[in-house]
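Subject: Structure for you to look at

Hi,

Here is the structure I said I would pass on. Please open it first, then read my notes below.

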Amino acid sequence: LLIYFGYECYIRIQYSKTAGVLLAAGAFLLFYELEKEKATWYGILLGIFLGVTGSLYRFEEAAICCLLIAGIGLYFLLDARRWGRQKKKKLFLMFGSFGMMGALMLGCEILDQQIYASSPEWAFFAKYNDCRSDLTDYSLPDYETDRALYDELGITETAYGLLKEGLNFYDTDVFSLDHMETLDAARPKNNLSKALVMNFLKEYPIGYAGIPVFLGFLTFVFLWICWGEHRWKVCLTAGYEILVMGLIDFYLYYQGRYLKNRVEVALWFSISLVVIWFCHARKLQITRKAVLLAVACILIANQSTWKNRWSVLTVQKEIDKEYLRGIYQDAKDLDPDGLILAKIPTITYTMYDVLDSVPQGTFENIIWLGGWEMQNPIWVEKLAEYGITNPYRDLINNEHVYLVDDNIKLTLKYIREYYAEDVEAEQLQDNGRWQVYQLKADSLK
């Protein structure tokens with residue numbers, strides 16, 4: 001299990017996966033303490049700590065995993081008689097420890113929201129980021145269908161293209177918070193209906209085949225069928241898991257963002273742990289070598305989805321990182337005190353791995369023209385140092401501001417429509433991967 005899920009989580013490290021793994025580790029550590037004749041206080045505290053830490057990475061993912069892992073708690077309630085005289089003590093410990101973990105998770109989430117709300121700048125960023133996520137991750141009003149709305153907001157087809165792409169629309173006038181909230185309110189949303197349910201059933205469970213770790217889950221189900229417990233209490237727990245997973249996926253489908261690998265991995269990891277809980281290790285008629293062989297076969301079978309990611313573990317990746325660091329440094333050397341405005345996905349953090357030590361100040365003078373960090377106060381403050389409030393407008397004729405772009409024609413078309421009809425791009429550097437420009441114009445609108 002660790003080899004299989006560990007491979008997927010390591011090659012594509014992501015907040016949702018990390019949150020789910022930490023939550024599962026904490027919850028099952030608590031279950032392990034419940035199973036012991038005498039629980040230890042440090043084991044309980046460590047379990048609570050891991051679970052709460054997971055929620056700090058991504059609260060929603062941790063909460064969903066809680067619902068799935070609760071199947072073990074349901075089984076404990078159904079089978080509480082086996083604890084005999086310790087029944088009340090064990091139930092008190094279970095509800096107390098999990099209740100404390102849940103309260104701390106919820107408390108941290110509420111505190112986090114209050115901290116954002118306490119600062120006008122960060123409250124603004126939180127609202128903007130929510131709208132950005134809704135419009136780029138879920139749905140966006142169609143340009144042709146809602147042409148009147150876009151005309152009213154002053155959003156041209158070119159600007160719509162930037163927004164629909166989901167990247168590089170850091171224009172504080174065209175895509176102001178008011179405009180984003182208006183578009184968010186107008187975006188198409190699913191309605192609960194028979195048609196929605198039928199469409200959901202067309203996507204599920206077939207869609208699970210596209211999730212790499214799903215094959216691993218099926219392997220664990222096979223082991224449970226052959227060598228696991230099948231008492232009615234266990235079967236009821238299995239029914240609970242199926243029902244909850246179905247409801248979770250239906251909710252995600254209803255929201256409009258579903259079958260995302262980074263979300264599904266933690267869910268299937270949690271369910272797999274529940275399945276393994278009911279497997280009898282001593283009864284398994286299979287050798288350790290056979291298990292490792294099975295895991296290897298599954299990994300090979302999943303290479304169709306992993307083949308574009310496996311290279312992160314190779315020597316070639318190290319060569320690529322050195323190359324990216326070199327050309328990034330070349331761009332910075334044009335003006336060590338200047339500001340770089342970069343299009344996504346030109347300059348990226350991938351020039352450093354998760355275990356690399358990034359030199360201080362490496363990304364101090366670079367702002368991306370898109371992504372979830374748009375409008376955050378740290379970026380706003382850095383832009384202000386160079387007299388910028390609107391990156392697309394204020395980079396024009398700005399002596400110490402440089403644009404790293406991989407589609408300069410689109411950028412010039414956009415700026416000509418809104419800010420300077422005669423704007424031109426002076427290319428200062430071309431490394432074969434991206435180009436560095438300064439934008440010049442005789443007059444602004």
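K445 and E421 meet through their side chains in a salt bridge, at 3.9 Å from N to O. K445 sits in the segment after β5 and E421 in the loop between α19 (408-418) and β4, so the pair ties together parts 24 residues apart in sequence. Both K445 and E421 are exposed. Bear in mind that this is a predicted model.

There are more of these pairs. A search of the whole structure gives 18 salt bridges. One of them links D173 to R393, with the closest N and O atoms 2.9 Å apart. D173 belongs to the loop between α8 (157-165) and α9 (177-186), and R393 to helix α18 (residues 391-394), so this pair ties together parts that are 220 residues apart in sequence. D173 is partly exposed, at 37% relative accessible area. R393 is partly exposed too, at 27%.

R416 also forms a salt bridge, with E424; the closest N and O atoms are 3.3 Å apart. R416 is partly exposed at 30% relative accessibility. E424 is partly exposed at 46%.

E424 is in strand β4 (residues 424-430), which pairs with strand β5 (residues 435-440) in the antiparallel sense over six bridges. Within that pairing, E426 stands opposite Q438.

Next, strand β1 (residues 339-342). Which strands flank it? On β3 (residues 401-405), the pairing is parallel, over four bridges. On β2 (residues 366-368), it is parallel as well, over three bridges. L341 has a bridge partner in each: L403 in β3 and I367 in β2.In a regular strand, side chains alternate between the two faces of the sheet. In β1, L339 and L341 point one way, I340 and A342 the other, and all are buried.

Helix α11 (residues 214-227) has 14 residues and should span 20 Å at 1.5 Å a residue; its end C-alpha atoms are 20 Å apart, which agrees. Its buried residues include F214, F217, F220, W224 and W227.

S16 is in helix α2 (residues 15-35). Is S16 buried or exposed? S16 has a relative accessible area of 4%, so it counts as buried. Beyond its neighbours within four places in sequence, S16 is in contact with R58, E61, R262 and A266.

Best wishes

Methods: Residues numbered from 1 in each chain as written. Predicted model: local features only at pLDDT ≥ 70, side-chain atom pairs only at ≥ 80, totals over all residues. Heavy atoms only, no water. Buried < 20%, exposed > 50% of the residue type's maximum accessible area, 1.4 Å probe, protein only. Helix = DSSP H or I, 4+ residues; strand = E, 2+ residues; numbered from the N terminus. Pairing = 2+ DSSP bridges. Expected span 1.5 Å × (residues − 1). Contact = heavy atoms within 4.5 Å. Salt bridge = Lys/Arg side-chain N within 4 Å of Asp/Glu carboxyl O.
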